[in-house]
Amino acid sequence: MARTGQRSKPDGAGSEGGSMKAENERGEKLEIDREGNIIQRELENPSGVLPPDMTAEEMRMKNEDDIPGSIDEVKRLLEERCGLSASFDLVLREMVFGGRRVGIFYANGFAKDTVLTEVLKRLTYAMEEEMHDHALQTLFDELIPHIQVSKADNMSNAVELVFKGGTALFIEHEPAAIIIDAKNFPARTTEEPDLERVVRGARDGFVETLLTNVTLVRRRVRDPRLKLKIMNVGKRTNTDVCIGYLSDIANPRLIEEVRNKIKELELDGIPLAEKQLEEAIMRKGWNPYPLVRYTERPDVAAAHLLEGHVVIFVDTSPSAMILPTTFFHHVQHAEEYRQTPFVGTYLRWVRFVGVIGSLFVLPLWLLMVKDPHFKPEVLSFIGPSQSAHLPIMVQFLFAELGIDLMRMAAVHTPSPLATAMGLVAAVLVGEIAVKTGLFVNEVILYLAVAAIGSFATPSYELAMANRLSRLVFILATGLFGAPGFVISATLWVILLALQRSYDSPYLWPFLPFNWKGALAILIRIPVTSSNTRLSLTKPIDRSRQPQRQ
């Protein structure tokens, strides 16, 4: 039974049969029914039951959001909210400056020692008369020699900023905290991405630190209209997500749609960064084909920004998402733009041949072996000269699974052993499988051609989706012959034609047809001849450069 003699008033009729609200001698807000039982409703606890080993006072402090005036109260509040004494990496350093007690709260791994040491060295010169009145404003305006300083008016904001790498200064008798943004995240140096190497060009690439990544892009696009909007995703991870775009080029409807989708996400977190974010905002279900393009190159991200695309950066990820994208964005590579237009066009067509070959070489060969009357006279030499113990389709399926198994083994094999593993796979497995009659030579040959085409595909996600499509083509052709191949290929085209990446057709510019876009896909157009931006992104400013007189 709580004492309710201080302040009590009847609650509205109909709530718990006419309950009473009151405060006990400790100032705790209580709700009492007609029989005098305490209803734990004022605490932010949805179950209505206090957690084990937690008193009402501890629960109140856990939910308290005002910054106390006493450093001892601040310490106790931090212990309840974020486990100050339970987590070894959280530190509250208590000091006295100008006669005022100050609590310096930080995460040990994030604090930048050199900067904070200089700040503390300056604060030791604070005079008592300076700290007597308006100590917080005096520290903020005059005594903290750092360029990134802000205020936190409540405990939630202060704790959130500390967990993002900042340092919080709690001053006795002050209702707010000062946040010093002096953080030092564990990070590697920028280096060229393994999946997007070029012969000539920049050797820097994105890393796992968001600020470094956006700085690499800002260095290339020195336009004040480049906007980098920060958002947070995840109730627990509170991950920073940045949306980058050029405000006078990018379609405002696209920007708003992307921002709203990210804002509406209700997740515990995205510890796997951009991939989980893509699944959450694209909602493509079981479709294997990528609807966003990933890049680890700052120059590629900058080039897409100039085209009117939106680029999404996620903290802790070295990959940026580009959207909207089409099928043909995934077969472009930076190397094409590092060579002359003629050489770039040649490289692009070689890559197209590789991508098409990775999809259709195996099922077409299987079709001509299964139904020889489909074989042209000039290709009469195609076909196995000797039989094997396994059916051709089964050989293809086993070989495809073997390639995937070797690829996964290569990922998990230490680099010094990767060469030895390749020799074992190529010599022992491949050659002995042919000699023992399990496989025919042509199966190994055409499988190698398809594998090389997959490896030549710039987008790893597209290459994996094409591998799955190739398996479907092989199964359909092996089971149903020519009708199976035609139907499966037709359904594949229909599936891609129906896909949309933020209202952009996936097979644009061929479905629907756009001749300028098709020309830009088929030919690497010289920079001086590209006067307008493509209509895919519906840019505000379509002019890329002034028209020649």
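Before the tour, a word on the UniProt labels: positions follow the numbering used here, feature names are shortened, and annotations may be inferred rather than shown by experiment. With that said, the unreviewed UniProt entry lists residues 349-368, 417-437, 443-460 and 472-494 under "transmembrane region". And please keep in mind that this is a predicted model.

Let me start with the whole chain. The protein chain has 549 residues, and 46% of them count as buried. There are 16 helices and 14 strands. Now take contacts between residues at least 6 apart in sequence. Of those, 58% join residues at least 24 apart.

Back to two of the listed spans. Residues 443-460 are 78% helix and 0% strand. The end C-alpha atoms of that span lie 24 Å apart. Residues 472-494 are 100% helix, again with 0% strand. Here the end C-alpha atoms are 15 Å apart.

Next, helix 10, residues 298-307. How many of its residues are buried? The count is 8 of 10, and helix 10 is mostly covered. The buried ones are Pro-298, Asp-299, Val-300, Ala-301, Ala-302, His-304, Leu-305 and Glu-307. That list includes Asp-299 and Glu-307, two residues of the charged kind. What do these buried residues pack against? One partner is a helix, helix 7 at 210-220. The others are strands: strand 10 (226-233), strand 11 (239-246), strand 12, strand 13 (310-314) and strand 14. Just after helix 10 comes Gly-308, with a positive phi of about 100 degrees.

Move along to helix 11, residues 341-370. Look at how it meets helix 16, residues 515-522. Two packed helices are described by the angle between their axes and the distance between the axes. For this pair, the axes come within 9 Å and cross at roughly 90 degrees. Angles of 65 to 115 degrees count as roughly perpendicular, so helix 11 is roughly perpendicular to helix 16. Which residues make the contact? From helix 11, they are Thr-345, Arg-348, Trp-349 and Phe-352. From helix 16, they are Ala-520, Ile-521 and Leu-522. By kind, the contact of helix 11 with helix 16 divides into 5 nonpolar residues, 1 polar and 1 charged.

Now the aromatic rings. A pair of aromatic rings is described by the distance of the centres and the angle of the planes. The model has 14 aromatic pairs. Take Tyr-289 and Phe-327. Their centres are 6.4 Å apart, with 45 degrees between the planes, a tilted pair. Where do the two residues sit? Tyr-289 is in the loop between helix 9 (274-282) and strand 12 (293-295). Phe-327 is in the loop between strand 14 (320-323) and helix 11. So the pair ties together parts that are 38 residues apart in sequence. Tyr-289 has 1% relative accessibility and counts as buried. Phe-327 is buried too, with a relative accessible area of 8%.

A second pair takes us back to helix 11. Trp-349 and Phe-352 are edge-to-face, 5.9 Å centre to centre, with 75 degrees between the planes. They are 3 residues apart in helix 11, so about one helical turn separates them. Are they buried or partly exposed? Trp-349, at 42% relative accessibility, counts as partly exposed. Phe-352, at 13%, counts as buried.

There is also a cluster. Ring pairs link Tyr-289, Phe-327, Phe-328, Tyr-506 and Phe-510.

Last stop: the backbone. A cis peptide bond joins Leu-323 and Pro-324, with omega about 0 degrees. Pro-324 is in the loop between strand 14 and helix 11. The bond from Leu-511 to Pro-512 is cis as well, with omega near -5 degrees. Pro-512 lies in the loop between helix 15 (460-498) and helix 16.

Tyr-502 is not a glycine, yet its phi is positive, near 50 degrees. Asp-503, also not a glycine, has a positive phi of about 65 degrees. Asp-503 is partly exposed, with a relative accessible area of 39%.

Note on methods:
Residues numbered from 1 in each chain as written. Predicted model: local features only at pLDDT ≥ 70, side-chain atom pairs only at ≥ 80, totals over all residues. Heavy atoms only, no water. Helix = DSSP H or I, 4+ residues; strand = E, 2+ residues; numbered from the N terminus. Axes fitted to C-alpha atoms, helices over the stretch in contact; angles between N-to-C directions. Parallel < 35°, antiparallel > 145°, perpendicular 65-115°, else oblique. Contact = heavy atoms within 4.5 Å. Phe/Tyr/Trp six-rings, centres within 6.5 Å; stacked < 30°, edge-to-face > 60°. Buried < 20%, exposed > 50% of the residue type's maximum accessible area, 1.4 Å probe, protein only.
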